[in-house]
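Trainee: Could we go through this model together? I would like to begin with the interface.
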Amino acid sequence: MDELENRKVFVIAAFVVVAFIFLTRLFYIQIIDDSYRSSADNQALRYVTKYPARGIIYDRKSQVLVQNQAAFDLMVVPRQAEDIDTIAFCEIMDIEKMEYKERLSKAKAYSSYRASIFQKQLTSDEFSRIAESLYRFPGFYGQKRTLRTYPDSVASHVLGYVGEVNAGHLERDSFYRSGDFIGISGLERQYEAELRGERGLEVLMVDVHNTVQGKYSGGNRDVEARAGADLATSIDLDLQVYGERLMNDKKGSIVAISPEDGGILALISSPSYDPNLLVGTKRARNYQLLASNDSLDPLFNRALMAKYPPGSIFKLIQSLVALENNVISENTGFPCNKSLVGCHNHTSATNLREAIQMSCNPYFHQVFKRLISPGKSSNYFVDNALGLSQWAKDVEDFGFGQRLALDLPNLKSGSVPTTEYYDKIYGKRRWAFSTVYSLSIGQGELEVIPIQMANLAATIANRGHYIDPHLVDKVGKDSNVVWSKNETGITKDLFEPIIDAMQWVVEKPGGTARKARIDGIEVCGKTGTAENPHGEDHSVFIAFAPKDDPQIAIAVYVENAGYGGTWAAPIASLMIEKFIRGSVSDSLKENRILEANLLDVEVDED
Amino acid sequence: MRTKVSIFEEIDWLSVALYAALVFFGWLSIYAANYDDQSSQIFTLETNHGKQLLWIALASILGMILLLLDHRFFESFGYIIYGISVFLLLAVLLVGTEIKGAQSWFVLGPVSFQPSEIAKFGTSLALAKYLSTMGVHFSQTKHRLRTLAIVALPALLIMLQPDVGSTLVFLAFTLVLYRQGLSSWYFSLGFAAVFIFIMALFLKQYEWTVFGIIIQGKIAFLAGFTGLIALVYYLLRKVKGALLILGGVFASTLLYFFSVDYVFSNVLKPHHQNRINELLGIVSDPLGAGYNVHQSKIAIGSGGFSGKGFLQGTQTKFNFVPEQSTDFIFCTVGEEWGFLGSLILVFLFLALLIRIIWLSEKQRSSFTRIYGYCVAAILFMHFSINIGMTIGLAPVIGIPLPFFSYGGSSLWSFTILLFSFIKLDSERKFILR
């Protein structure tokens, strides 16, 4: 029996060997091989992105311009959705079976185990309709998102719009994930970093039936989403709404600025579009429709991008620059010599005020001639070049020919021609006053955008300086945005004759902008009619009011509307009265504007 | 003279402690596997862990009763208990309830039990009694055949249910017979048979191209085997009868090799075929046949070194692992306690097995020794198949992990097996033979 008793050693050895094999195997799958860990996470954990609410944009009186509405993306994890009742699902979703298959195979192509969007941006109503039956379809769940909504459907060109990030965005900025929203134009784009907030993450445990079983690890790995910062803008919602109504059926733009702080009160580009059209799933289709509308081009922001010759309003700058450079005084008179440049019939101006009031072209022809002939060189060409250099510099000090510090993308700079510019075209010493004289009345190579015209009105209202025109005063709760003050270098007193003349333009009999008169408010303005080689002239009017305590400066530009006093001036006056008084007294004037359709004016095709 | 010493002084408390540790660890795992945040009540019969608590209490009472029994009961009633087991195994085939494809349960109202559990105990007692009978020598063919009959009768009846897992457990008795003198050649033969079986299935999927000739895996195996036999013959060419023996080995191996395919596809059921294919890596179907093992490995593998923490497991708790309270209870240990917990569990079992063998060898009564070997062998078989299955080293065979898995019937039967041995062992000093 002794020999057999030794067999216990082999029996025990067998136990030990099996235990050793098990421990080796366990060591391998538990410690060395990581793949089981990630498989477990993929199966039992659901990583839900918590999308932050985008910042809300308010007007100057804390009225909402754009806010958020809840929306839901219907997500699908293809691997878990294999055994669902497809027919019932398609019925609830109101889609064809083919469509279902197509979308699911698209999701599968991305990943069988990870969630893809099955249907984007369902509204709360749409989602709540299907939510109650969602438990029958494992693998499907709703992911909360927010969409933009515009309660008053205005200011589309100011606010801009958001869209889903594209491949380019994803590559440039690692912040974004596929499916994120990003500001594409307007304030949405300019303040994207502030508005977007920060994504959060929720790690949930799900069981084998895809039912959520609570937070993983007590919510330790969760990250709260941080909402985007709200923007407080200088826009006056009521004025913006009113301005858009006035510009209905007209092509052009209105920019109104508060001269005191540079805040933009209204920025209107017409034709416009309802910003709600570019929200959610319908965005792509509507965008196509808007973009393909060639004749009206509603997506084009005229206030920032349309370059026009300034026309007669430029005479204001000419006057100020001439006074500052002592080439004229406020009492200088010039005869209305129509052989120099065309003019309408009026008595010759005996002083600067009359010249501005009557908008005398030959007068400013002669003023400009003095300006660019400073007598610094005996050579006529050299002297004119020197004069133009100084003039261009002075004009640029008004914010012309340069990009203003406005907080909106795609802002144009316009242009003020310089010596270099003409040298390039004509050659050095090959040009002189006779070549460039049309600048004297705001024609020729001058290009100005509407916001620069409004800024000019604000500068004159301020008697010599302007604050950067801007939209946003405050980001978040307490972060004020600082905007700088810009000096024109023109002595303050020199503005008085100009401003007097601007008041006469509106109020004196024979003034070119009598239609801009408002009982009880001293409006100062200047009309302009920019020559349009393609058709009817463009109608321009800039103004500010009240004269001694300016609250609003405004530029109105109406394309193909003819003489500046006819359309642009009354529109400006309605805006001014609306802003200062809150309502408009002259309903006759108002109705005439509201009913006017200036889109059908004939335009030469070239 | 036998003094009236309290039997508790003679009990092997180490075995009892190991038992208690396993049962407690097991209950914790059942609690964790069924835990959810909403109801964490412990004393309720609504849940598995609540019921298991009741089974444990009843098992403790059962253990106490066994310790208080007269030690002669086991030997005297050995054949009777065996007889009852066989009767019940016959009865269950006629009036039993079919659960999961096997007619192996008696269901009497709320109580249900498997006669195969009692059969393990009965067969152990009968085997120990027969082999310890005066005049029975395992070396004699007549006695060997009777021994075989004692084991084979209940095993065949269980196979008819059919319950493959429990039938396989009866293979454990070969370990007992080995200790009684069964030649180790049988084990070598067994291993060789399993090896060839695996090779025959495994090599089917391979083929290599050598010098433009396509060589199938099976052909390569046979060529190698033929070469090996030829080599052995060359070495033994001078030994008488070598040709005959080697020829016999060669022929029977070939016959066996080619019958594997036939047996595999015609005798085994499709779900058995799938499980074996999955185990050997011939097919990979983590959503179908391989789902259980795939999920089980994910649960265990995701535990890492120290585990996710008690009640923090996601795979077991949220039903990714099937049968997570019963056959796959080890997953909870692997997931929540990690490698460290698995190590402790394996060591607990190993310690208990070695302790039983060690105690058995100290017995003066060969009945007790043989019975002890039976207990160790049965526990070992369950342990090996169950853990092996959860980590993908053994095919999926539904048998419980002793003391761990949820279920009164299995807990009690293992308690009876172990405590009968502890009782018998406690009488060691008073037995003269």
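Mentor: A salt bridge here is a side-chain nitrogen of Lys or Arg within 4 Å of a carboxyl oxygen of Asp or Glu. Across the interface of chain A and chain B, that rule finds zero salt bridges. The model is predicted: local features need pLDDT of at least 70, side-chain atom pairs count only at pLDDT 80 or more, and totals for chains, interfaces and linings use all residues. Side-chain values use heavy atoms, with hydrogens and water left out.

Trainee: How many residues does the contact take from chain A and chain B?
Mentor: Chain A gives 37 residues and chain B gives 49 residues, where contact means heavy atoms within 4.5 Å.

Trainee: And what area do they bury between them?
Mentor: About 3900 Å², 72% of it on carbon and sulfur atoms. Buried area is the accessible area (1.4 Å probe) that two parts lose on being put together, summed over both. F15(A), F22(A) and Q30(A) supply 19% of the area that chain A buries against chain B, more than any other three residues.

Trainee: Which helix gives the most to the side of chain A that touches chain B?
Mentor: Helix 2 of chain A, with 19 residues; helices are DSSP runs of H or I with at least four residues, and strands are runs of E with at least two, numbered from the N terminus.

Trainee: Changing topic, what is the strand order in the open sheet of chain A?
Mentor: The order is 1-8-9, with antiparallel pairing; two strands pair if DSSP finds at least two bridges between them. Strand 1 (45-50) and strand 9 (212-215) of chain A are the edge strands.

Trainee: What stands opposite L204(A)?
Mentor: K215(A), in strand 9 of chain A.

Conventions
Residues numbered from 1 in each chain as written. Chains lettered and ligands numbered in written order.
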